[in-house]
Amino acid sequence: MGTTPDGTLANQGKDLILSPELIRRFEYHLTAVGERTQAQIREAIVKDITTELNEKGQKEALRILDAYLKFKTALGSVDQPKMTEISGAALARHFRSIRDLRALYFQPSEVAALFGNVDEYDDYTAKKLAIVQNKSLSDADREAQLQYLKNTLSAESRANVEQPVVHLTLATKEEQARQQGATPAEIQQIRTNLVGADAAKRLEALDREEAAWKARIKQYQEARATSPESAQQLKHNLFTPQEQLRLAAYE
């Protein structure tokens with residue numbers, strides 16, 4: 001997939017630690033649905049966790065994976081709130097439906113460990129919408145309630161709430177720096193200062209992937225302009241079947 005999943009799954013003895021990191025690790029691989037079969041994705045997950053978990057931990061992780069896959073399939077039966085009827089109360093009911101369904105597949109202790117942060121964020125979202133839609137509040141009162149609500153979040157959830165703002169700020173600062181002739185090293189330092197060293201490294205890796213993709217696109221487009229026949233062969237040599245679907249936008 002071109003990137004490396006992060007997050008700690010085990011303790012020093014390689015026993016599985018139940019945490020949101022496990023679900024994030026599953027989702028990292030599940031984003032390939034449509035590109036790979038479920039059997040291939042499962043094989044990739046098994047290979048991924050084998051290096052980090054002992055045999056007991058691997059069995060437990062795969063049991064959680066099977067339950068999670070069944071839960072995700074069953075999610076298709078949960079009605080989505082209509083865009084014209086979305087309110088804080090409607091969102092709260094929707095999230096409750098999801099939790100009731102999830103309880104069929106996971107024990108309460110597993111829910112708390114694996115999804116506690118998701119539930120906290122969902123509750124925040126529903127309550128925030130209720131405050132925003134409360135027309136009886138003055139602007140000052142609304143802002144005060146929103147700030148109070150944010151302060152009730154755990155540090156991790158608060159970071160998730162603030163992250164989009166941080167990344168918007170980062171994008172703005174990067175663009176300004178590039179226009180002023182900043183070097184790649186200086187761009188990387190800006191990223192490190194705003195989002196931390198680990199996130200900055202991931203962004204750098206994405207930059208390299210994007211640059212490589214654009215280079216292949218350019219090579220293919222130049223070939224199409226000079227020799228359509230050779231370009232067709234080049235297309236199969238340079239791009240995977242999944243990438244060829246994206247390639248249509250450049251033809």
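1. The helical pair that may be taken up at the outset is α9 with α10, where R216, Q219, Y220, A223, R224 and T226 of α9 are in contact with P228, A231, L234, K235 and L238 of α10. Sorted by class, the residues of this contact comprise six nonpolar, two polar and three charged. The model is a predicted one, and the remarks that follow should be read accordingly.

2. As for the geometry of this pair, helix α9 spans residues 197-226 and helix α10 spans residues 228-238, and their axes come within 7 Å while crossing at roughly 160°. Since angles over 145 degrees count as roughly antiparallel, α9 and α10 are therefore roughly antiparallel to each other. The handedness of the crossing between α9 and α10 is left-handed.

3. On the α5 side the contact is made by Y124, K127, K128, I131 and V132, which meet R142, Q145, L146, L149 and K150 of α6. The residues of this contact of α5 with α6 fall into five nonpolar, one polar and four charged.

4. Taken as a whole, the protein has eleven helices and zero strands, and of its 251 residues 31% count as buried. Among the contacts in the protein with a separation of 6 or more, 53% are accounted for by residues 24 or more positions apart.

5. The largest nonpolar core contains 31 residues, of which L22, F26, I49, L53, Y68, F106 and L114 touch the most other members. At least two residues of this core are supplied by each of α1 (20-30), α2 (38-50), α3 (55-74), α4 (88-102) and α5 (108-132). The largest share, nine residues, comes from α3. In soluble globular proteins, nonpolar side chains tend to be buried together.

6. F26 deserves a separate remark: when residues up to four places away in sequence are not counted, F26 touches I45, A61, I64, L65 and Y68.

7. In helix α2 lies V46, which counts as partly exposed because its relative accessibility is 29%. V46 and L62 are 16 residues apart in sequence, and their C-alpha atoms are 7.7 Å apart in space.

8. The loop between α3 and α4 holds S77, and because its relative accessibility is 57%, S77 counts as exposed. The C-alpha to C-alpha distance between S77 and I98 is 9.9 Å, with 21 residues of separation in sequence.

9. H94, by contrast, lies in helix α4 and has a relative accessibility of 10%, so that H94 counts as buried. Once its neighbours within four places in sequence are left aside, H94 is in contact with V78, D79, Q80 and P81.

Methods: Residues are numbered from 1 along each chain as its sequence is written. This is a predicted model: local features need pLDDT of at least 70, side-chain atom pairs count only at pLDDT 80 or more; totals for chains, interfaces and linings use all residues. Side-chain values use heavy atoms; hydrogens and water are left out. Axes are lines fitted to C-alpha atoms, for helices over the stretch in contact, and angles run from 0 to 180 degrees between N-to-C directions. Helices (H or I, at least four residues) and strands (E, at least two) are DSSP runs, numbered from the N terminus. Angles under 35 degrees count as roughly parallel, over 145 as roughly antiparallel, 65 to 115 as roughly perpendicular and the rest as oblique. A crossing is left-handed if the near helix is turned anticlockwise from the far one by less than a right angle, and right-handed if clockwise. Contact means heavy atoms within 4.5 Å. Ala, Val, Leu, Ile, Met, Phe, Trp, Tyr, Cys and Pro count as nonpolar, Asp, Glu, Lys and Arg as charged, and the others, Gly among them, as polar. A nonpolar core is a set of buried Ala, Val, Leu, Ile, Met, Phe, Trp, Tyr and Cys residues joined through side-chain atoms within 4.5 Å. Buried means under 20% relative accessible area, exposed over 50%, partly exposed in between (1.4 Å probe, protein chains only).
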